Amino acid sequence: MSIYCPSCKSTHVITRDLGRKVGGTTGVVAGTVTGTAGALGGAKAGAIIGSIGGPVGASIGSIAGAIWGGLVGGTAGGIAGAKLGEELDSKVLINYECKHCGHRFRI
Ligand SMILES: [Zn+2]
């Protein structure tokens, strides 16, 4: 489906995706913060599991647990944030911009 500029009828229209960008970034940050809290728990669990392999295993286990917690939190937050941003783009924000006349509009 092609989108026309309501002002000059040009088809030179781009999506701005502002909400998705902001939402994605915010989500990653929020998710990483939450994930970091989870990472501390992950580090503890990793240290316990790793301690089977001695002191070296415990350090490797806690590092792996911390990374895992941060990664999972960050990724999940990013996905949720991007999804939310997408909703914002399509329902709330003015998401289209005409490259021909600069008119911004929403559908
Ligand atoms: Zn236009």
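Helices, at least four residues long, are DSSP runs numbered from the N terminus, and the views below use these element names for a predicted model.

**View 1. Trp68 on helix α2.** W68 is found in helix α2. With a relative accessible area of 61%, W68 is exposed, because the exposed class takes in residues over 50%. The separation of W68 from A30 is 16 Å from C-alpha to C-alpha, and the two residues are 38 apart in sequence.

**View 2. The packing of helix α1 against helix α2.** Two packed helices are described by the angle between their axes and the distance between the axes. Here helix α1, spanning residues 18–50, and helix α2, spanning residues 54–91, pack at an angle of about 160°, and their axes are 4 Å apart. Angles over 145 degrees count as roughly antiparallel, and α1 and α2 are therefore roughly antiparallel to each other. The crossing in which α1 passes α2 is right-handed. Sorted by class, the residues in the contact of α1 with α2 comprise 24 polar, eight nonpolar and three charged.

**View 3. Ser62 and its contacts.** S62 has its place in helix α2, and at a relative accessibility of 21% this residue counts as partly exposed. When residues up to four places away in sequence are not counted, S62 touches A43, G46 and A47. Between the C-alpha atoms of S62 and L40 the separation is 8.5 Å, although these residues lie 22 apart along the chain.

View 4. Once neighbours within four places in sequence are left aside, G73 is in contact with G31, T32 and G35. As for F105, which is 32 residues from G73 along the chain, the C-alpha atoms of these two residues are separated by 35 Å.

**View 5. The backbone at Lys9.** Most residues other than glycine have a negative phi, and most peptide bonds are trans. At K9, a residue other than glycine, phi is positive, with a value near 65°. K9 lies in the segment before β1, the element made up of residues 13–15, and at 57% relative accessibility K9 counts as exposed.

**View 6. Cys98 and Cys101.** Across the whole structure, a search for disulfides finds zero. C98 counts as buried at 1% relative accessibility, whereas C101, with a relative accessible area of 38%, is partly exposed.

Technical notes. Residues numbered from 1 in each chain as written. Predicted model: local features only at pLDDT ≥ 70, side-chain atom pairs only at ≥ 80, totals over all residues. Heavy atoms only, no water. Disulfide = S-S within 2.5 Å. Buried < 20%, exposed > 50% of the residue type's maximum accessible area, 1.4 Å probe, protein only. Axes fitted to C-alpha atoms, helices over the stretch in contact; angles between N-to-C directions. Helix = DSSP H or I, 4+ residues; strand = E, 2+ residues; numbered from the N terminus. Parallel < 35°, antiparallel > 145°, perpendicular 65-115°, else oblique. Left-handed = near helix turned anticlockwise from the far one by under 90°. Nonpolar A, V, L, I, M, F, W, Y, C, P; charged D, E, K, R; others polar. Contact = heavy atoms within 4.5 Å.
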